[in-house]
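Hello,

Here is the structure I said I would pass on. Please open it next to this email, then read on for what turned up.

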Amino acid sequence: MENLRLPGPTPLPNEVLQALTKQMINHRGPEFRQIINGMTANLKQLFQTENDLFLLTSSGTGGLEAVIVNTLSPGDKVLSVSIGVFGERFASIAEQFGAEVIPLRFEWGKPADADAVRQALQAEPQIKAVLVTHNETSTGVTNDLASISSVVKEFDKLLLVDAMSSIGSINLPVDDWHCDVTVTCSQKGYMAPPGLAMVSVNQEGWQAHSKAKMPRFYWDFTRAKSYLEKGQTPWTPALPIVFALSTSLEMLLKEGLSNIFARHARVSQATREGIKSLGLSLFAQESHASNTVTAVRSSNGLDIKKMLQILREEHKIVLAGGQQSLDGKIFRIGHMGWITENDIEAVISAIKVVLPQAGFKG
Ligand SMILES: *Cc1c(COP(=O)(O)O)cnc(C)c1O
């Protein structure tokens, strides 16, 4: 078996693999109603929310689009707080649907600065919403969302959060931190396959929704809400992924939120220490290094593509490269979902063997 250490998709435990082989059921019948009601309740525990929560059949990016088109109108000014590839993606979607995006970019590898967010909101009173990525998977940085949120709420703006690679692994109390609309997806920390996005909507989110005029059909939250009241989704859901996620949610809640967060903190700490012990350096500012993905800089002659290839071919370990301008400059180790320190020890030992073969002169 491959040691798949991407920041999603992640390996699946046996119970979850079994769930994927379940026979199809009527998605408008009582069995589905029971499953979706149970899952929604369990997901609310992971989101730490008492507000509405929906399942959407799509990867995470569809979820980002759903957040935008359900809360904004063409011409709305939005502040995009961006620290990497996924922050840019969120902003591009808003722009594509006609929002006027005001970019607030931070150097990749660093977190966003809440004071800079305050200045941007002061400078432009017409801003309606703020887009933030909680955990920037492309750089391995976790934003201080609590501080950013309190600034956004000083100005009473709508807070739209990409929490794809944090909820279920890193603490994000959605209600306490006043996240109005928050989205995540099944292939990140959930020990489930890709195919579902999950989104929570609070009262401010619904208020924005009632005035939002961007075109939408498949993603419409009003439809999602009225169908969920019947124990259904508006459109045929990806049933196998529903079965799998329903199973993995039970496993996660059995472990308990605080244990999950502590395990991810331990595993990420072991990853960072292992990487540094090899003479490599972290891409992320260490104070804000992510507990779900570690990005490592190329240095001392290391050919990252060659290293990833040897790891894959000779050690059955699959890591991720860098995206866009970080291609060839960093590699990323995913450590979210079904993972323990042992999985990371195996990764670090293999990297140690491969480094000299890939040109590293540390
Ligand atoms: C994975 C991810 C997404 C969504 O990517 P998909 O490939 O569409 O699932 C968006 N934002 C972040 C931060 C992510 O990690």
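W235 counts as partly exposed, at 25% relative accessibility. Buried means under 20% relative accessible area, exposed means over 50%, and partly exposed is in between (1.4 Å probe, protein chains only). F217 counts as exposed, at 53%. Together with Y218 and W219, these two residues form a cluster linked by ring pairs. Rings of Phe, Tyr and Trp (its six-membered ring) pair if their centres lie within 6.5 Å; planes under 30 degrees apart are stacked, over 60 edge-to-face, and the rest tilted.

**How to read the numbers**

This is a predicted model: local features need pLDDT of at least 70, side-chain atom pairs count only at pLDDT 80 or more, and totals for chains, interfaces and linings use all residues. Residues are numbered from 1 along each chain as its sequence is written, and side-chain values use heavy atoms, with hydrogens and water left out.

**The chain as a whole**

The chain has twelve helices and 14 strands. Both are DSSP runs numbered from the N terminus: helices are H or I with at least four residues, strands are E with at least two. The C-alpha trace spans about 60 × 55 × 35 Å along its principal axes.

Of the 362 residues, 59% are buried. Take the contacts with a separation of 6 or more: 73% of them join residues 24 or more positions apart. Contact here means heavy atoms within 4.5 Å. The chain exposes about 14,400 Å², and carbon and sulfur atoms supply 49% of that area. The areas come from the Shrake-Rupley method with a 1.4 Å probe; for residues, only the protein chains shown count as cover.

There are 34 positive and 36 negative charges, and their mean positions are 4 Å apart. Lys and Arg count as positive and Asp and Glu as negative, while His and the chain ends are not counted. Each charge is placed at NZ of Lys, CZ of Arg, CG of Asp or CD of Glu.

**Aromatic pairs**

The count is six aromatic pairs. One of them is F54 with W206, edge-to-face, 6.0 Å centre to centre with 80° between the planes. F54 sits in strand 2 (residues 52-57) and W206 in helix 7 (residues 203-211), so this pair ties together parts 152 residues apart in sequence. Both partners are buried: F54 has a relative accessible area of 3%, and W206 has 18%.

F217 and W235 form a stacked pair, at 5.2 Å centre to centre and 25° between the planes. This pair also links distant parts of the chain, 18 residues apart. F217 is in the loop between helix 7 and helix 8 (221-228), and W235 is in the loop between helix 8 and helix 9 (239-255).

**Two buried residues**

Where is R332 placed? R332 is in strand 14 (residues 330-334). R332 is buried, at 7% relative accessible area. R33 is elsewhere: 299 residues from R332 in sequence and 39 Å away, C-alpha to C-alpha.

S58 lies in the loop between strand 2 and helix 3 (60-71). S58 counts as buried, at 14%. Beyond residues up to four places away in sequence, S58 touches G63, G195, L196, A197 and W219. W219 also belongs to the ring cluster.

**Backbone points to check**

Most residues other than glycine have a negative phi, and most peptide bonds are trans.

- The peptide bond from G8 to P9 is cis, with omega near -5°. P9 is in the loop between strand 1 (3-4) and helix 1 (14-19).
- H178 has a positive phi of about 50° and is not a glycine. H178 is in the loop between strand 8 (158-162) and strand 9 (181-185), and counts as partly exposed at 45%.
- N300 has a positive phi near 50°, again in a residue other than glycine. N300 is in the loop between strand 11 (293-297) and helix 11 (304-315), and counts as partly exposed at 44%.

Best wishes
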